[in-house]
Structures are given as structure tokens and as C-alpha cells.
Amino acid sequence: MRTPGGKTRRLEVFNLHLGLSARERERQVGLLVRSREFASLQFDVPCLVGGDYNDWRSLLRPLFVDMLGFRSATGGNTGEERPLSTFPSFFPQGALDRIYYRGPLRLASGRRCRLARSRIASDHLPVIADFDLH
């Protein structure tokens, strides 16, 4: 990516659509974590991991936050902060769609899309995050 000053910076982005069972999600995240592309990333490289986690009970959150050093752009960082509900799109109750980030990124805002057409386009609402690169 090119910064406003014209400098080129590396940004790693991983997009996930995890399975419906907890065991399948754990296996899939294990494949990501062990992949050459992910495992070789230094902590100072800006990195985003986002998508449909299908993780109703936030069981994967400790792995990403506590073990892998990510922060959540879509909420749930504290016991008092609820993650953004995105499913079902017509009446969101479940926080299934997440964006985790690490590296020299500062979260400017995280929100779900409220456009009427997004409720028609999918059964999940899109999540949007804006970042400042340090």
C-alpha cells in the first residue's frame, strides 16, 4: 500500500469464512496459523484477519487476542464492550463477522454497514474498519 507521503508499505490481509462447527473452525484457524504466509509474519508488519467467523460464543477471540497479539476492530475488547452484531442482516443478533488487526495500525473506527441494500445483498451485514498506519 502507498502512504500519503508516497512511501510504500506492506499490509497483509487474510479473509476467512469459517465453518459452522466449533471443531471445524478450530481446524481451519490452525491451518491459517501454521501456513507459511501467516507464520512468517513479523509482529511489526500491519496485518488484518477478517471475515465470517461463525463463532457465536467468541471462542476464537482468546486465540487471536491473547495468543496471537491481535486487537478487535469490531468490538468485544473488554467485558463491557459488546462485539458488533451482524447476523441475520435484517435483525442482527449474532456477532459472527470480525476484523482483527495487529502491527503499526491504529483503529480510527469500526462499524457495521447500515445501507439498506446490504441487508438484501447478504444474510450478514458487512463490517467496516478505518485505520491509521503509524
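Is Tyr 53 buried or exposed? With a relative accessible area of 1%, Tyr 53 counts as buried, a term used for values under 20%, while exposed stands for over 50% and partly exposed for what lies in between (1.4 Å probe, protein chains only). The model is a predicted one, in which local features need pLDDT of at least 70 and side-chain atom pairs count only at pLDDT 80 or more, whereas totals for chains, interfaces and linings use all residues. Residues are numbered from 1 along each chain as its sequence is written, and side-chain values use heavy atoms, leaving out hydrogens and water.

Across the whole structure, 8 aromatic pairs are found; rings of Phe, Tyr and Trp (its six-membered ring) pair if their centres lie within 6.5 Å, with planes under 30 degrees apart counted as stacked, over 60 as edge-to-face and the rest as tilted. The rings of Tyr 53 and Tyr 100 have centres 5.6 Å apart and planes at 80 degrees, so this pair is edge-to-face. Tyr 53 belongs to the loop between β2 (47-52) and α3 (61-67), and Tyr 100 to strand β4 (residues 97-102), so that the pair links distant parts of the chain, 47 residues apart. Helices (H or I, at least four residues) and strands (E, at least two) are DSSP runs, numbered from the N terminus. Tyr 100 is buried too, at 1% relative accessible area.

Phe 70 touches, among others, Cys 47, Tyr 101 and Arg 102, not counting residues up to four places away in sequence; contact means heavy atoms within 4.5 Å. The charged end of Arg 102 in turn sits over the ring of Phe 43, 4.1 Å from its centre (the cut-offs are NZ of Lys or CZ of Arg within 6 Å of the ring centre and within 35 degrees of the ring normal). Cys 47 is buried, with a relative accessible area of 0%.
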